[in-house]
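Please look at the sequence and the model below, and follow the chain from its overall plan down to individual residues.

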Amino acid sequence: MGGALLFALGLGVVVTGTGLSGALGMRVETFGRIDCHDTRTEKGQTVWHCFGESAAQQRANDAERDLVAREMLRAHVDGVPRSEEISRSRILFADHDGRNDPATVTATQVFDGGRWYAHSSTVVGYGMIPLLVGAGTAAWGGYRLRKR
């Protein structure tokens, strides 16, 4: 009984770790329009801070830019319109080639409103921790089931 419970719990944690479940508020998202502001990076290094826009942010920001462009045509008549804030997300641990910012970055957010951690090749992000713990727990539970 204990082995089956551990196995099921482990599989649930693996599903959470891969981002297939919204449990614990974990989300996986791909960001575009990446800007890393780091000129000292050498080829193949990991950059601590980057900024990017999710697909939803890109759509909202494009709509806002279009609105501001249209409103600027009326600025001489009605005054200068106040634009909304262009939203961007801060992403930690993004891979960088040393010259150009990456086109896209996939990142995990563990808790809603928390930081985004990129799926970097050199840093084990928070999204990997539940995956590894869940795989270990499922393996242990499977071993206990087989043992009986």
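What follows moves from the chain as a whole to its strands, and then to one of its helices.

The model shown here is a predicted one, and its protein chain holds four helices and five strands. Taken in sequence order, these elements give the pattern α-β-β-α-α-β-β-β-α. Of the 148 residues in the chain, 30% are buried, and the accessible surface comes to about 9,600 Å², with 59% of that area belonging to carbon and sulfur atoms. Where contacts link residues at least 6 apart in sequence, 71% of them join residues at least 24 apart.

The five strands form a closed barrel in the order β1-β2-β3-β5-β4, with mixed pairing, and the twist from one strand to the next averages 45 degrees. In general, the strands of a sheet pair through backbone hydrogen bonds, in either a parallel or an antiparallel manner. Strand β3, residues 89-96, runs parallel to strand β5, residues 116-118, and two bridges join them; here isoleucine 91 has tryptophan 116 of β5 as its bridge partner. By contrast, β1 runs antiparallel to strand β4, residues 104-109, through six bridges, with valine 28 partnered by threonine 108 of β4.

Threonine 108 also stands opposite tyrosine 117 in β5, and β4 and β5 are antiparallel, joined by three bridges. These two strands form a hairpin with six residues between them, and glycine 113 in the turn has a positive phi of about 85 degrees.

Now turn to helix α2, which covers residues 55-73 and lies across β1 (27-35), β2 (45-54) and β3, running at about 55 degrees to β2.

Which residues of α2 are buried? They are Gln57, Asn61 and Glu64, and, seen down the axis of α2, the buried residues fall within an arc of 60 degrees, so they line one face of the helix.

Methods. Residues numbered from 1 in each chain as written. Predicted model: local features only at pLDDT ≥ 70, side-chain atom pairs only at ≥ 80, totals over all residues. Heavy atoms only, no water. Buried < 20%, exposed > 50% of the residue type's maximum accessible area, 1.4 Å probe, protein only. Contact = heavy atoms within 4.5 Å. Areas by Shrake-Rupley, 256 points an atom, 1.4 Å probe, with all protein chains shown as cover. Pairing = 2+ DSSP bridges. Axes fitted to C-alpha atoms, helices over the stretch in contact; angles between N-to-C directions. Arc of directions from axis to C-beta.
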